[in-house]
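Morning, everyone. I have one chain to show you today. Please take a look at it before I start.

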Amino acid sequence: MTKENTSACGLTESDCSYDKRRAVADILSLIGDKWTVMVVAALSYNGVMRYNEINRQIEGISQRMLTLTLKGLEQNGLVTRTMYSTIPPRVDYALTELGLKLVVPLRALYDWAEEHRPEMLASRDAFEDRERINAPRRAEFYAAK
């Protein structure tokens, strides 16, 4: 039996296979969306919520985007949608057990982003400064061709 090589971050060659990367990318495309993160955060903090409560809590989200986000979360087993036959009709949303398990990695990502945001903003500023300095040189280079 041969031992697989591991990368500096502990990934093996089989961890990096196309099929595994594709599977992870599919999940990340769902949970990496800013509205999804905000809906999961709202539900994790508040528990069971009605549609309008979520809408009021998440500034800037359109009704269409909230509806699509909730449907995607429900479709993937992260949120339950409970309808009550009352007048007016009542619909509650809550994280499932699987959705609750997503809170821990999202919290870790939040903490990382909060800790490293100043570094990233400084890098952005430095990049823009370099671009501003190099723009005339690039223009001269392409004009000479």
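First, a term: a polar contact is a pair of N or O atoms within 3.5 Å; within protein, one must be able to donate a hydrogen and the other to accept it, and residues adjacent in sequence count only if both atoms are side-chain atoms. Keep that in mind.

Now, what you are looking at. This is a predicted model, where local features need pLDDT of at least 70, side-chain atom pairs count only at pLDDT 80 or more, and totals for chains, interfaces and linings use all residues. Residues are numbered from 1 along each chain as its sequence is written, and side-chain values use heavy atoms, with hydrogens and water left out.

The overall layout comes next. The chain has 5 helices and 3 strands. Here helices (H or I, at least four residues) and strands (E, at least two) are DSSP runs, numbered from the N terminus. The order from the N terminus is α-α-β-α-α-β-β-α. Of the 145 residues, 22% are buried. Buried means under 20% relative accessible area, exposed means over 50%, and partly exposed is in between, with a 1.4 Å probe and protein chains only.

Let's go to α2. It has 13 residues and reaches 18 Å from its first C-alpha to its last, close to the 18 Å expected at 1.5 Å a residue. That expected span is 1.5 Å times one less than the number of residues. Which residues of α2 are buried? They are Trp-35, Thr-36, Val-39, Val-40, Ala-42 and Leu-43. The arc is that of the directions from the helix axis to the C-beta atoms. Why can that happen? An α-helix has 3.6 residues a turn, so residues three or four places apart point the same way. The face of α2 turned away from the buried side carries exposed Lys-34 and Tyr-45.

Zoom in on Thr-36, in helix α2. Its relative accessibility is 4%, so Thr-36 counts as buried. The Thr-36 side chain reaches the backbone oxygen of Leu-30 at 3.2 Å.

Now the ends. At the N-terminal end, Asp-33 caps α2, with a side-chain oxygen 3.0 Å from the backbone nitrogen of Trp-35. After α2 comes Gly-47, with a positive phi near 80 degrees.

On to α4. Its buried residues are Leu-66, Thr-69, Leu-70, Gly-72 and Leu-73. They also fall within an arc of 160 degrees down the axis of α4, so they line one face. On the other side, Gln-63, Arg-64, Lys-71 and Gln-75 are exposed.

Past α4, find Gly-77, in the loop between α4 (63-75) and β2 (79-84). Gly-77 has 29% relative accessibility, so it counts as partly exposed. Its C-alpha is 8.8 Å from that of Glu-97, 20 residues apart along the chain.

Last stop, the largest pocket. On a 1 Å grid over the protein atoms alone, a pocket is an open set of points where a 1.4 Å probe fits, with protein on both sides within 12 Å along at least five of seven lines; lining residues have an atom within 4 Å of a point. How many residues line the largest pocket? There are 15, and Val-37, Leu-106, Arg-107, Leu-109 and Tyr-110 lie nearest its centre. The largest share, 7 residues, comes from α5.
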